[in-house]
Amino acid sequence: MAVLLQLSDVRKSFDEGTTRRTVLDGVAATIDAGAFVVLMGRSGAGKSTLLNLISGIDRPDSGRIQYNDTDLTTLSDTERTRFRRSEIGFVFQSLNLIPTLTVAENIALPLELSGQSDTATDRVAHLLDRVGLPDRGDSYPDRLSGGEQQRVAIARALAHHPLLILADEPTGSLDYETGTQVLRLLTDLVDEHDTTLLIATHDQQLAQQADRTLTLHNGLLHDGPLSAILAA
Ligand SMILES: Nc1ncnc2c1ncn2[C@@H]1O[C@H](COP(=O)(O)OP(=O)(O)OP(=O)(O)O)[C@@H](O)[C@H]1O
Ligand SMILES: [Mg+2]
């Protein structure tokens with residue numbers, strides 16, 4: 001298996017009043033291309049922080065984040081933005097759909113940002129179909145239910161054929177049934193293209209479907225579930 005992502009000694013802390021809170025205290029991991037990995041850990045453990053570093057939204061205090069041949073920590077802000085737009089699909093916990101754009105325009109956005117707008121119409125129609133919303137392209141996000149918006153967010157994350165999908169608790173705001181459907185949709189779509197999938201979640205069942213569970217605990221990243229770490 002080819003390695004897609006290699007994290008070495010990644011550290012990140014935040015100012016909190018007069019002190020600094022260390023969230024990531026030397027995180028290391030190797031993630032293979034095409035793997036389906038869940039990222040677990042208690043609330044506040046640093047899952048969103050880590051996803052933001054891997055996507056290049058934020059940068060670590062120190063350490064290396066190697067994506068294929070590129071060390072993200074050596075890139076400028078502009079280069080990281082370009083990297084994110086071409087390589088990464090991000091499903092945010094808060095969805096982040098743009099309210100003034102239609103559903104179709106939201107899904108087309110990554111294509112425009114990565115210079116693929118000529119293929120946008122066909123791609124958007126295909127994705128709307130795949131996520132079960134073929135006739136909602138002209139709707140605005142606030143006209144859609146939470147689960148429908150979540151499916152649009154997934155379609156948008158996949159639009160530009162990213163190699164790596166990062167999803168931050170993508171079903172956090174959904175009922176169990178809808179959440180399960182949305183996750184199945186995401187894993188099916190990702191399977192079709194051999195995309196690498198890293199999902200931050202509290203969902204044990206999802207962890208069982210994954211190739212691998214990584215858990216953040218006390219600033220370090222461990223292989224396996226929290227129960228195994230606490231028992232060790
Ligand atoms: N920009 C920031 N400034 C200050 N502190 C931050 C910032 N971002 C995150 N933190 C702190 O880092 C810690 C980890 O936050 P993070 O959002 O990564 O946790 P999480 O594992 O995603 O939790 P949850 O499961 O609740 O989403 C928290 O204590 C949070 O307060
Ligand atoms: Mg989080």
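Colleague: How many bridges join β6 to β7, and do they run parallel or antiparallel?

Modeller: Four bridges join them, and the two strands run parallel. Keep in mind that this is a predicted model. One of the pairs is Phe90 with Leu166, its bridge partner in β7.

Colleague: Which β6 residues are buried, and on which side?

Modeller: Ile88 and Phe90 are buried on one side of the strand, Gly89 and Val91 on the other. Both faces of β6, residues 88-91, are covered.

Colleague: OK, the other sheet. What is the order of the four strands in the open sheet?

Modeller: β2-β1-β4-β5, paired antiparallel. β2 (19-32) and β5 (70-71) are at the edges with a single partner strand each, so one side of each has no neighbour in the sheet.

Colleague: How many bridges join β1 to β2?

Modeller: Eleven, with β1 covering residues 3-16. Val10 is bridged to Val27 in β2.

Colleague: Which strands does α1 lie across?

Modeller: β1, β2 and β4 (62-67). Helix α1, residues 47-54, runs at about 125° to β1.

Colleague: I was looking at Leu53 there. Buried or exposed?

Modeller: Buried, at a relative accessible area of 1%. Leu53 is in α1. Setting aside neighbours within four places in sequence, its contacts are Val10, Lys12, Leu24, Asp58, Arg59, Pro60, Ile65 and Leu72.

Colleague: Switching to helices. Which residues of α4 are buried?

Modeller: Ala120, Arg123, Val124, Leu127 and Leu128, in a helix spanning 120-130. These residues sit on the same side of α4, because they cover an arc of only 130° around the axis.

Colleague: Why would residues a few places apart point the same way?

Modeller: An α-helix has 3.6 residues a turn, so positions three or four apart point the same way.

Colleague: Then which exposed residues are on the face turned away?

Modeller: Thr121, Asp122 and Asp129.

Colleague: And what covers the buried residues of α4?

Modeller: The cover includes α3 (103-113) and α5 (146-158). From the α3 side, its buried residues pack against α4 and α5. Those α3 residues are Val103, Asn106, Ile107, Ala108, Pro110 and Leu111.

Colleague: Now the cores. How many residues are in the largest nonpolar one?

Modeller: 38 residues, with Ile107, Leu186 and Ile199 making the most contacts inside it. Elements giving two or more residues to this core include α3, α4, α5 and β7 (164-168). A second, separate core has 31 residues, among them Val23, Ala29, Tyr67 and Leu75.

Colleague: What does Leu186 touch?

Modeller: Ile154, Ile165, Ala167, Leu197 and Ile199, not counting residues up to four places away in sequence.

Colleague: Last one. Which residues does UniProt list for the domain?

Modeller: The unreviewed entry gives residues 5-231 for "domain: ABC transporter". Over that range the chain is 37% helix and 28% strand. The end C-alpha atoms are 28 Å apart.

Methods: Residues numbered from 1 in each chain as written. Chains lettered and ligands numbered in written order. Predicted model: local features only at pLDDT ≥ 70, side-chain atom pairs only at ≥ 80, totals over all residues. Heavy atoms only, no water. Buried < 20%, exposed > 50% of the residue type's maximum accessible area, 1.4 Å probe, protein only. Arc of directions from axis to C-beta. Contact = heavy atoms within 4.5 Å. Pairing = 2+ DSSP bridges. Axes fitted to C-alpha atoms, helices over the stretch in contact; angles between N-to-C directions. UniProt positions renumbered as here; feature names shortened; annotations may be inferred. Core = buried A, V, L, I, M, F, W, Y, C linked by side-chain atoms within 4.5 Å.
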